[in-house]
Amino acid sequence: MRLPRFFVPPAAWERDRATITGRDYHHIRHVLRLEAGAKLRLLDGDGRVYDAVIEKVDRGALVAVVTGEVPAPPEPPLRLTLVQGLPRRDKMELVIQKATEIGVTGIVPLAAARAVPRLDRKAGERRVRWQRIAVEAAEQCGRSRFPLVGEISGLAEVVGGLPAGAAGFFLWEGEQATTLKQVLRAGPPRRDVYLFVGPEGGFTEAEAARARAAGLVSVSLGSRILRTETAGLIAAALVLYEWGDLGG
Ligand code: SAM
């Protein structure tokens, strides 16, 4: 049976020992009901994976000692960032979980013009929850790293901050000339890919014009109009399949 896996933040490590508290402690002790001596798999979040054994259990905290490093499962050969137009709450959690499973490296919640929720007040706590969903999804699917969920950002901010050499694809259902398939097959794979997906209400013409002006490539996913939570995940899967390691 697969060992239970947990990402342990840097501050919780002290040489070959990790102190586990909070939700992970609760899961280990009260869901898995593990005692001292039980084996765990711990990840440092920087790509390294260790076998460990629970050494000491106190109230609210346990200490696990590393028994050896194990080969880390490979991460996708390209860094794909999903820039997701903010959908309704539950949809964002689904998008984050599924994007993590397929191998996305980063997720940026996009405050697009027609995005539904106004999160200003709750943005911080929403982001903490989203980041935890990404960590838990990475643990579940056996990744050695978890995607970072960025700050809620505006289109101009994200477009202005693309790293040099990154490919930027703007999913536009109104695009008539260029498809994602054509772009993926036209040239060599890129190391950095940013995928922009509109919210339920779609992107505005002004947003599309700004994206194109910034050098993003507007692409169609075909004639059917996909829901926002479908479009980003499908496009990410297609990029990771054509240019990455999805599909083996
Ligand atoms: N304009 C859409 C409508 O008429 O219902 C609303 C936007 S759609 C639900 C959400 C987002 O998914 C779009 O902004 C776009 O980024 C992406 N999308 C959906 N279908 C697409 C397609 N066929 N080609 C490219 N992007 C698509």
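Figure 1. A backbone N or O atom of L221 lies 2.8 Å from a nitrogen atom of the ligand. The structure shown is a predicted model. A polar backbone atom of R224 is 2.7 Å from a nitrogen atom of the ligand. W172 also takes part through its backbone: one of its N or O atoms there lies 3.5 Å from a ligand nitrogen atom. Around the ligand stand 18 residues. Those that come nearest are L171, E173, L221, R224 and L226.

Figure 2. Strands of a sheet pair through backbone hydrogen bonds, either parallel or antiparallel.

Figure 3. β1 and β4 (residues 39-43) run parallel and are joined by three bridges. Within this pair, R5 stands opposite R41 of β4.

**Figure 4. Antiparallel pairing around β6.** β6 pairs with β5 in the antiparallel sense, over nine bridges. Here Y50 stands opposite E69 of β6. The hairpin of β5 and β6 has two residues between the strands. In this hairpin G60 takes a positive phi, near 85°. β6 is also joined to β3, by five bridges, and these two strands run antiparallel. T19 has V63 in β6 as its bridge partner.

**Figure 5. Two arginines with positive phi.** Most residues other than glycine have a negative phi. R15 is not a glycine, yet its phi is positive, about 55°. The residue sits in the loop between β2 and β3. Is R15 buried or exposed? Its relative accessibility is 74%, and exposed means over 50%, so R15 counts as exposed. R33 is another residue other than glycine with a positive phi, near 55°. The loop between α1 and β4 holds R33. With a relative accessible area of 61%, R33 is exposed.

**Figure 6. Helix α2 and its cover.** Helix α2 takes in residues 89-102, 14 residues in number. At 1.5 Å a residue, α2 should span 20 Å. Its end C-alpha atoms are 21 Å apart, which agrees. The buried residues of α2 are K91, M92, E93, V95, I96, A99, T100 and I102. What covers these buried residues? The cover includes the strands β7 (79-85), β8 (106-110) and β9 (148-149). Helices α3 (123-141) and α7 (228-242) are also among the covering elements. G103 follows α2, and its phi is positive, near 115°.

Note on methods. Residues numbered from 1 in each chain as written. Predicted model: local features only at pLDDT ≥ 70, side-chain atom pairs only at ≥ 80, totals over all residues. Heavy atoms only, no water. Helix = DSSP H or I, 4+ residues; strand = E, 2+ residues; numbered from the N terminus. Expected span 1.5 Å × (residues − 1). Buried < 20%, exposed > 50% of the residue type's maximum accessible area, 1.4 Å probe, protein only. Contact = heavy atoms within 4.5 Å. Pairing = 2+ DSSP bridges. Near = heavy atom within 4 Å. Polar contact = N/O pair within 3.5 Å; in protein donor to acceptor, adjacent residues only side chain to side chain.
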